[in-house]
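Hi,

Here is the structure I said I would pass on.

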Amino acid sequence: MSSEKNKPTVQTTGHAWDGDLQEFNNPLPSWWLWTFYATVIFAIIYWVLYPAWPVGDSFTKGMMNDITYTTADGKTKTTHWNTRSLFLKEMQVAREDQAKYLKDINALTFEQIRSSEEKSAFANSMAKVLFADNCAACHQAGGNGVVGRYPNLLDDAWLWGGSFNKIQETITNGRTGSMPGFKASLSAKQISDVAEYVLSLSGNEANAAAVKNGKAVFSGQGGCAACHGADATGQDFMGSANLTDKVWTIADVAGADTAAAKKDAIMNVVKNGKTREMPAWKNRLSTTEIKILTYYVHELGGGK
Amino acid sequence: MKHESIETNAGLLIILTLIVISIGGLVEIVPLYFIDSTIEEVKVEGKDTIHPYSSLELRGRDIYQREGCYTCHSQMIRPFRDEALRYGHYSLAAESKFDHPFQWGSKRTGPDLARVGKKYSNEWHVQHLIAPRSVVKESIMPNYPWLMKPLQYKNVRDRMRALKMVGVPYSETTAEYEVNVKRFGEDVAKNLDILKAEENLIAQAATGNYDGNASDVTEMDALVAYLQLLGTMVDFSKFDDGHFADFR
């Protein structure tokens, strides 16, 4: 290595490693330096405008415009700029924009909403979004439910009643439907007989002798009639299913291929029982939103 | 101190570098401990409504972390209208004050879970955790079929003691229990008793029956108990809409 090559052509820091490894002392690029200064100036402006510096047990509130908002219950407040008040203002603006539509929805009866093309279109389009966010996880995007788990909202079979008022009550307060299991209180034969009887109720093929025994268990020792009713059509104040129609919400009889599988599906429910819960929405949705959803669910096809 | 003496002394360089980069964190974080309104006071009828997890919920939270739920789900609803409409009231700082570590996040692959509690039935959670696509067709969440196995809770007391060391008010002595009764009410205080942790855990799993199987205590019981609690400790109907804005 010649000593000429080591001659510095620019200023160095004077450090040298391994004899010839040197550190140049180049100035920072000016674009970088000025950007850096700009961020410092930005920070200072930011401190002045927005809540920023801690002072004792409080903090500087900033010089941004104050925010005046009105809450849903009509209270007006003015505060220094902060994101929570900004949010409340945002909610207020949207609420006032929607107010003229929602006022009508609140004032009208369900029948009146239905008779107005404009109002029902508004309710349906708003409900679709609410339904997707809140209901579709169980009842599915189209409202068809999952057999055995979540009721189908499109058909005209209703466990808890399909009138506007009943649906509204269901959404508001939720429902818990519970059928006990009978494997301890009934013998295997009795359960089998009851299953044959239940099959026969909706026009499925069943063994005549077993049906006769099953009917006796149904209205006698089994106690099934206490909830499902003497005629097995169910009672909507307690959510017991109508066993005489062809709609199955828990035992998937319609989906079973063979007669044995149909019977098994029923026996399984009789043995083990079933508890299903619909959550309450009153703390999550406004009364107007519940009303709109009620209308939508009712109009999906099965409303009574 | 000379530039050269720092640059040629690696140990010194490391220490000084640490000091310089910690300044940013210190000035941003430390003052928050001294500002009164950082953590909101949430009291209803004189009792704190935000309380630590019961032993079962705590094990559920452990499983939540073990399975890495936080990599896709945040627990922090920001004060924006779109988030409020979808998830509910914005999260309060107070709502994660007993969380170690907290579950905030800025990346969501799945929805935010800060207020998922009581939104769906227990049965839905069980089915959804085992096979998400059987209820939500478009879901990309993985299946968690192994959650139905028995829950290990032998060391739950140690887990509670560890949290107690970092300030979560679980109680071990009668005096501590009395303080909790005063602060949270008797029903909650009972669940914070470290010495009754296993007993409480079994009892809650049996009465709650979160996994649809009353006889066993499974990991599913714990996880669903935890999920059903999320975001439910504050009853916002008890407060004015503007109440929590006053803390900012």
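This is a predicted model: local features need pLDDT of at least 70, side-chain atom pairs count only at pLDDT 80 or more; totals for chains, interfaces and linings use all residues.

Residues are numbered from 1 along each chain as its sequence is written, and chains are lettered from A and ligands numbered from 1 in the order in which they are written.

Chain B has 10 helices and 2 strands; these are DSSP runs numbered from the N terminus, H or I with at least four residues for helices and E with at least two for strands. Reading from the N terminus, the order is α-α-β-β-α-α-α-α-α-α-α-α. The C-alpha trace of chain B spans about 70 × 50 × 45 Å along its principal axes. Of its 248 residues, 33% are buried (20 or more other C-beta atoms within 10 Å of the residue's own; exposed is 12 or fewer, partly exposed is in between, and C-beta atoms are placed from the backbone). Taking contacts in chain B between residues at least 6 apart in sequence, 70% join residues at least 24 apart; a contact here is two C-beta atoms, placed from the backbone, within 7 Å.

Helix H2 of chain B covers residues 10–29. Its 20 residues reach 28 Å from first C-alpha to last, close to the 28 Å expected at 1.5 Å a residue (1.5 Å times one less than the number of residues). H2(B) also bends by about 35° at Ser22(B), the bend being the angle between axes fitted to the seven residues ending there and the seven starting there. It is hardly covered, too: 0 of the 20 residues in H2(B) are buried.

Towards the other end, Phe247(B) sits in the segment after helix H10 (219–229) of chain B. Phe247(B) counts as partly exposed because it has 17 C-beta neighbours inside 10 Å. Leaving aside neighbours within four places in sequence, Phe247(B) is in contact with Ser37(B) and Glu40(B). From His3(B), Phe247(B) is 244 residues away in sequence and 46 Å away in space, C-alpha to C-alpha.

Now the contact between the chains: 29 residues of chain A and 26 residues of chain B take part. On the chain A side, the elements giving two or more residues include strand E6 (76–79), helix H2 (83–107) and strand E8 (274–278). H2(A) gives the most, with 8 residues.

Cheers
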